[in-house]
Amino acid sequence: MKTRNLLLISAALAGLSGAAQAENVLTWGANRDIGSLDPYSYGDSFTINVLNHVYEGLVRYDKDLKIEPALAESWEILEDNITWRFHLREGVTFHNGNPFTAEDVVASLTRVSDETSPLKGNLPAYVSSEVVDDLTVDVTLNGTYPLLLNDLTNIHIFDNEWMTENNALKPTDIGAGTEGYATYNANGTGPFVVESRQPDAKTVFVVNPDWWDEPQHNLDRIELTPVTSAATRVAALLSGEINFTNDAPVQDLPRLAAAPNVKVLEGVDLRTVMIGFPFRETLTTGEANPFKDRNVREALYRAIDLDLIHQRVMRGKSRIAGATIAPEIPGYVEALDDLPGFDPDAARNLLAEAGVPEGLEFEFNCLSDGLVNEEQFCQAIASMWTRIGLSPKLDVAPRAVQSPKRTNGATDVYTLGWATLPLLDSYSPLLQIFHSKDGNAGVFNWGDWSYPEVDALIDAAGSELDLTARLNLQTQALQIVKDEMIMIPLHQQPMAWAVTENVADMPLFSDNKPRLWFAMVDSDS
Amino acid sequence: MIAFLIKRTANAAFVMLAVALLAFVIFRFFGDPVEMMVNEQATQQDRIELRERLGLNDGFVTQYTRFVTNAVQGDFGISYRNQQDVMVLIKDRFPATFELVLVATVISLVVGIPLGVLTAVHRDSRLANILQLGSIIGVSLPSFVVGILLILAFSVSLGWLPAFGRGDTVDIGWWSTGLLTPSGRMALILPSLSLSTFQITLVMRLVRAEMLETLRADYIKFARARGVPIRRVQWRHALRNCLMPVITLTGMQIGNLIAFALVTETVFQWPGMGLLFIQAVTFVDIPVMAAYLMIVSFIFVALNTLVDITYAWVDPRLRDDAARAGGANG
Amino acid sequence: MKNTSDITKGGTASPLIPQKPSRLTKLRESDLWFSFWSHPSAIFAAALLAFVTITAFLAPFISPQNPYDLGALELWNSEIPPIWDAQGQWPYLLGTDTQGRDILSAILYGSRISLIIGFASVILALSVGLALGLIAGYFGGWADNIIMRIGDVLLSMPFILIAILITAVASASLPTGLKDVLAAPILIFAIAVPSWVQYARTVRASAMVEAKKEYVQAAKLIRVKSWRIMLNHILPNCMTPIMVAATLNFGLAILSEATLSFLGVGMPPDQPSLGTLIRIGNQYLFSGLWWIVVFPSIQLCLIVLSVNMIGDWLRDALNPKLR
């Protein structure tokens, strides 16, 4: 008994001394956890963003969000215009020591484009891929397509051998009755290695000493802890328990900025917040659906006091938007940002003319863990709609609960934030949201609308290799989207990160994705 | 004794079977498991096959038996949300909850017993009245309000103690403990205090009632008459007599504390089983909910049974009483 | 107390059944009355509870705003501090929340919800518990067996866990439209389910004793209806502990409702109870909007405290041992 106790104590001491070593640790308090360690089992920007520290794509965004080579060193389009040849980087190894080869690329592209993959929409033009030699891959598309590189920034490359050994060649699917190996194990080529993971509690990443690239960070260890409560996140930051958060609550920014040990990093996100409408025959209540009428959508638009929401809910930190994309996104022109103007009386008249019954009930579906202050602006909008004689029923719940309802059309009006990721191009919302539902197109067309003229413009843009001509087509499509008020844009949401003083450098990216391989912390802390 | 043991264990087993039935019904009939598991792209054929593979077309009894058999082996299926074995998830979180409950229990005894003795000994004094009032306030304060107030005072205003998480932990085998690191111990203070408020008042009231009773007993009067100093009588003889009920109460309350820890864990974002359960509730992750229900109830029932058996072992009269009561039960 | 004596008097009792001396009840009643007036804390608690209850039920008439009417909320009036602050504004005595909801009105309406849910769940648990306890104790046999076994199972799961499971399962399986309407009934049910057992056990024990007594046997012989015997004779005998338990459980029920709402499985944000208000306010702890969380917390604590003080006094007053 005695010896056993001694053993325990010495084990504990060993653990202690390990933790006491001078390490550069970044404790990251996020507003939620990643869904899985498998980027292909959970189509969600944040999960992919975090896993990008572990897995990498063939190309990546640099510090200025320009595309640069990553696992592929160079590429060219072959004569047929639909086959792309990638020359892979030599000497890259996965975290388990396996070398990175063309086989891995083919296996990964096959995995992500699998029928059951929630991410297949992120690689819409992909048809097949083929090993040319150990370090060369040919990727065949379904036509000329200008945005393949943008797509590939977020297609993470897995190790073929590792996937085969662990029966993980297909995307994780719990319906298969087994745990997906890749959901709680990771093996990438990236700058950090997953050390341990406790879902909803803590995921630890340690630096990858064998990374192929020259590190621009000085971190030894990243501890990602989801702190869902905004207030707790702020408290933890103030007391130094976490030293980075990518979601500092806007209402607490003055308090954080005033604290001597905290630095606030602010900007406007590329993410445009929108409200979408159902275009089905009936509402969830079984009543006829008035939202198919453009004038009814306009009425709801004009009932919203965007300025008030900007001032109060977003604390003056958002950018009021008339367009469904941010000004930085290619395809934007100023005319898209015109606003119809807040006019509740006009809204009432429009409703009356359209014959919408007083007190019409409909569901208004919002996320509790989604956009910045989503619950608050949803409540505010519901109250504004109530004032023009409607009865919105607010349904607020976490993303995991709401997503199935939204994708299955089991709700009416809903919110959606779109940052055009990973393309950073207006083709992204056009294809994924505004195109009719058709294969890889219209995956986020939850209202089930169909505008053939919009589809035609998007399809034309999708095979147009000339940049100006392509953007012109996209702008035209966006103008129709705007005129038809398919969705109501509200604002580009504010983006606020906060770090404690011992974080020396944390570049803020306008796509709101932390890239900690550019982060520096002070070593003496 | 053997008969009593068997009877008591059988009773516990019956209760667990009933709890399992409840968990099974929740698991099976609220939220179609197939719909929760399949991918949005799945076809009707996929669904039918999955239904067959999961055995959802079997009879109720077959399915229930399978559920119980799996549960006994610690197999509660795979979490819909984390896509991980539920038992592994819970096992990872158990140490956090256990340490929290343990420390809260210790605090409740260390604080509650002396306060209880004080209020009994100095009955009707001003101090006792204030303490009595304090104990009523203690049971009336919701534990989440206590938690929020503690955070406001000690984390936000004074900045002395952490407001969330466990601090650094040390792994000993599969057990992760926060008791061995300074930051781990600091992190324990506020959550365990807020969890123990209710328990402190409970212990205090019980000790007071028992003490009042005991102090009236003859042997105490004899001791006093024999000239044993009054303090010694109160704190040694009388108190010793009240400890058994206190220990019993504490043992039986541990199950309740584990369940109630979920509120504390939510306030302090303490990474224990309770937080896991609350998250499972918001995400309708039914396998986790069912497993948590079974495990907490099991701890609860096991402790109660253990307390009963110990009692019967210590005091044979109770055995007969219990047997008689059992007989009356039919 | 009053009710039971009325029942005793009003019942067309057969001469064979000895009338419980109503004088005794009266005496006890006066004892209680006396005890009440000699306990300042009991008087204080009763006054407080009466005040809170009356203002809560007059909420629609006295509160400056209907906090449940989305159309009445004006975002321009959000985040106004209490009236004594320099930025305070009439009529928002205790300030407004982030939606422009008047905190005082929200507290009055919220207290009403908390009180109603607490009270209704106690009444529900009490009626179910008394009925099942009487049946179990009086008839015994398999009815007794089934009822008490169900009770055992319920008591073997922590109270809060049962309540959370019921609300969670209900809200997961109901459509959005119904969820709002049924939120309060679901909470009442969820809190009542784990609490009826205590009453049932108490009544059963006393029913088992009474059922063997001669007068009951005699009454059975002359075919007095069983429910009449139970109602007229067995029930009044165990009313004292039941009343104490019910009072204390009333406080517990209000706490439970607040806890469930705080955890997000109770009242929705557009019909906030005190617990919901505290949950919402908790998000603004650091933004300087302390009034959103502090005032509802104080109100909640005061309500529960007054109920518990009355319960405590009642228990001591009715327990001869402690007198």
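Two strands are taken to pair if DSSP finds at least two bridges between them. Strands (E, at least two residues) and helices (H or I, at least four) are DSSP runs numbered from the N terminus. The model is predicted, and local features need pLDDT of at least 70, side-chain atom pairs count only at pLDDT 80 or more, and totals for chains, interfaces and linings use all residues. Residues are numbered from 1 along each chain as its sequence is written, and chains are lettered from A and ligands numbered from 1 in the order in which they are written.

In chain A, strand 10 (residues 221-226) runs antiparallel to strand 9, to which 4 bridges join it. Within this pair, A:Val204 has A:Glu223 of strand 10 as its bridge partner. Strand 9 (residues 202-207) is also joined by 6 bridges to strand 8 (residues 192-198), again in the antiparallel sense, and A:Thr203 in strand 9 is the bridge partner of A:Arg197. Strands 8 and 9 of chain A form a hairpin with 3 residues between the strands, where A:Asp200 takes a positive phi near 65 degrees.

Another hairpin of chain A consists of strand 6 and strand 7, with 2 residues between them. Strand 6 (residues 126-133) and strand 7 (residues 136-141) pair in the antiparallel sense over 6 bridges, and A:Ser128 stands opposite A:Thr140 of strand 7.

In chain C, helix 7 (residues 159-173) packs with helix 12 (residues 239-263) at an angle of about 55 degrees, with the axes 11 Å apart. Helix 7 of chain C is therefore oblique to helix 12 of chain C. Axes are lines fitted to C-alpha atoms, for helices over the stretch in contact, and angles run from 0 to 180 degrees between N-to-C directions; angles under 35 degrees count as roughly parallel, over 145 as roughly antiparallel, 65 to 115 as roughly perpendicular and the rest as oblique.

On the helix 7 side of chain C, C:Ile160, C:Ala163, C:Ile164 and C:Thr167 meet C:Ser256, C:Thr259, C:Leu260 and C:Leu263 of helix 12 (contact requires C-beta atoms, placed from the backbone, to lie within 7 Å). The residues of this contact comprise 5 nonpolar, 3 polar and no charged (Ala, Val, Leu, Ile, Met, Phe, Trp, Tyr, Cys and Pro count as nonpolar, Asp, Glu, Lys and Arg as charged, and the others, Gly among them, as polar).

An unreviewed UniProt entry lists "domain: ABC transmembrane type-1" for residues 111-311 of chain C. This span is 84% helix and 0% strand, and its end C-alpha atoms lie 19 Å apart.

Note on methods:
Two residues are in contact if their C-beta atoms, placed from the backbone, lie within 7 Å. UniProt positions are given in the numbering used here, feature names are shortened, and annotations may be inferred rather than shown by experiment.
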